[in-house]
Amino acid sequence: MFERALRIGEHTARIGEHADTLELMMRGDVSPDEAARFFDFMALHFAGQRYMLVTGDVSQLGRVPAESRRTVMRQSGRVPPIRGLVYHRTTFTGRVLTELVIRGYALATGADVPVHFVEDEAEARAWLARRREQLAGERG
């Protein structure tokens, strides 16, 4: 059986209560190696999924250097499309870094990724529930 959580440097990645959700706790800078390890974890856990949703706390996110962002672009084809991202407790810098990373991901995949920032985890879970409903409606 696979581990549902993984420590990557000072960061944590885990599968959420729903099988389509990746929950992140970002602390400090994200190296290219750490970015690649996130994709290893996602490729293992989300294989066969139609999509992924991402949530988490990025209040302590540090730098995401250009090489780390390039790693995200190179690795993006290994995982199902991210169809929504909602972070809580996000600083202005965290928002800017998130937008940079997601723009690179969208450029590499052609995905349209709704990005949302909220105050707390409860609001993030509510947003995820609404997003799942929207995605379920697309199946028709």
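Biologist: Which residues lie nearest the centre of the largest pocket?

Modeller: Bear in mind that this is a predicted model, where local features need pLDDT of at least 70, side-chain atom pairs count only at pLDDT 80 or more, and totals for chains, interfaces and linings use all residues. Residues are numbered from 1 along each chain as its sequence is written, and side-chain values use heavy atoms, with hydrogens and water left out. On a 1 Å grid over the protein atoms alone, a pocket is an open set of points with protein on both sides within 12 Å along at least five of seven lines, a cavity is a set where a 1.4 Å probe fits but cannot get out, and lining residues have an atom within 4 Å of a point. Here 13 residues line the largest pocket, and those nearest its centre are Arg14, Glu23, Leu24, Gly56 and His88.

Biologist: Which element gives the most to the lining of that largest pocket?

Modeller: Helices (H or I, at least four residues) and strands (E, at least two) are DSSP runs, numbered from the N terminus. At least two lining residues come from each of β2 (11-15), β3, β4 and α4. With four residues, the top contributor to the largest pocket is α4.

Biologist: How many charged residues are in the lining of the largest pocket?

Modeller: For the classes, Ala, Val, Leu, Ile, Met, Phe, Trp, Tyr, Cys and Pro count as nonpolar, Asp, Glu, Lys and Arg as charged, and the others, Gly among them, as polar. The pocket lining has four nonpolar and four polar residues, and the charged ones number five.

Biologist: What volume does the largest cavity have?

Modeller: Grid points are joined across faces, edges and corners, and a volume is the space filled by probe spheres set on the points. The count gives one cavity of 30 Å³ or more. Its volume comes to about 380 Å³.

Biologist: And which residues are closest to the centre of the largest cavity?

Modeller: By class, the cavity lining has 20 nonpolar, two polar and no charged residues. α3 gives the most to it, with five residues. Of the 22 lining residues, the closest to the centre are Leu24, Met26, Val72, Tyr87 and Val101.

Biologist: What is the bridge partner of arginine 27 in β4?

Modeller: Two strands pair if DSSP finds at least two bridges between them. β3 and β4 run parallel, joined by seven bridges. On β4, arginine 27 is partnered by glutamine 60.

Biologist: Which residue in β3 does threonine 12 stand opposite?

Modeller: A hairpin of five residues links β2 to β3. Those two strands run antiparallel, with four bridges between them. Opposite threonine 12 you'll find methionine 25.

Biologist: Is alanine 136 buried, partly exposed or exposed?

Modeller: Alanine 136 sits in helix α4 (residues 121-137). Buried means under 20% relative accessible area, exposed over 50%, and partly exposed in between (1.4 Å probe, protein chains only). At a relative accessible area of 38%, alanine 136 is therefore partly exposed.
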